[in-house]
Amino acid sequence: MSSRTTLGPAAPDLNGLDGSGLRIAVVASQWHDTVMAGLLDGALRGLADCGVRDPAVVRVPGSFELPVACASLADHFDALVALGVVIRGGTSHFDYVCDAATRGITDVAVHTKTPIGFGLLTCNDEAQALDRAGLKGSHGDKGYVAAQAAIATLTALSTVLASRPS
């Protein structure tokens, strides 16, 4: 288990999750290679720590493309993990991409009822992104956390739905 999974004391304890037998896909953007390598590695470690074997990995150009990829995959997997990073620049592009990706991923999760671990970093600068990427020296491991959040949500929903009478 990673020792850099959280950035604060309020994070939930997601240890002991069982994802064995689940079909999971990780959708990851390609912008910001170093940050994305850390996020993707963290997500794959998080899934492996839960017993998930052979998750599918789909790479898309950027964070704006995450929702359409998630929408295309949602009906074929038990849960998804969406990973990306958007770093603020000098234009309003940051706001549009962050909003579109967040709303799009949320819409996919709600409409398909497929849990999606949200690993989209929206940072003011590259240093903030690197500090959350799960790399050596990082304080956070958001790819790992997003993967575990997808498994935890699926587990919670499955437990409740299984206990309800038909």
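**Close-up views of a predicted model**

**View 1. Arg45 and Asp41 form a salt bridge.** The side chains of Arg45 and Asp41 come together in a salt bridge, 3.0 Å from N to O. (A salt bridge here is a side-chain nitrogen of Lys or Arg within 4 Å of a carboxyl oxygen of Asp or Glu.) You're looking at a predicted model, where local features need pLDDT of at least 70 and side-chain atom pairs count only at pLDDT 80 or more, while totals for chains, interfaces and linings use all residues. Residues are numbered from 1 along each chain as its sequence is written, and side-chain values use heavy atoms, with hydrogens and water left out. Both Arg45 and Asp41 sit in helix α1 (residues 33–49), 4 residues apart, which is about one turn of the helix. (Helices, H or I with at least four residues, and strands, E with at least two, are DSSP runs, numbered from the N terminus.) Arg45 is partly exposed, because its relative accessible area is 25%, and Asp41 is partly exposed too, at 41%. (Buried means under 20% relative accessible area, exposed over 50%, and partly exposed in between, using a 1.4 Å probe and protein chains only.)

**View 2. Arg45 also pairs with Asp141.** A salt bridge joins the side chains of Arg45 and Asp141, at 2.8 Å from N to O. This pair ties together distant parts of the chain: Arg45 is in helix α1, while Asp141 is in the loop between α4 (126–132) and α5 (142–163), 96 residues apart. Asp141 counts as buried because its relative accessible area is 0%.

**View 3. Arg88 meets Asp95.** Here's another salt bridge, this time between the side chains of Arg88 and Asp95, at 3.7 Å from N to O. Arg88 is partly exposed, with 39% relative accessibility, and Asp95 is partly exposed at 41%. The structure holds 5 salt bridges.

**View 4. Helices α2 and α3 pack together.** Two packed helices are described by the angle between their axes and the distance between the axes. For helix α2 (residues 66–73) and α3, the angle is about 10° and the axes are 8 Å apart. (Axes are lines fitted to C-alpha atoms, for helices over the stretch in contact, and angles run from 0 to 180 degrees between N-to-C directions.) So α2 and α3 are roughly parallel to each other. (Angles under 35 degrees count as roughly parallel, over 145 as roughly antiparallel, 65 to 115 as roughly perpendicular and the rest as oblique.) On the α2 side, Leu66, Pro67, Cys70 and Ala71 make the contact, and on the α3 side it's Ala100, Ala101, Gly104, Ile105 and Val108. (Contact means heavy atoms within 4.5 Å.)

**View 5. His93 lies in helix α3.** His93 belongs to α3, which covers residues 93–112. It counts as exposed because its relative accessibility is 54%. An unreviewed UniProt entry places the feature "active site" at His93. (UniProt positions are given in the numbering used here, feature names are shortened, and annotations may be inferred rather than shown by experiment.)

View 6. Leaving aside neighbours within four places in sequence, the contacts of Ser29 include Met36, Arg59, Leu66 and Val85.
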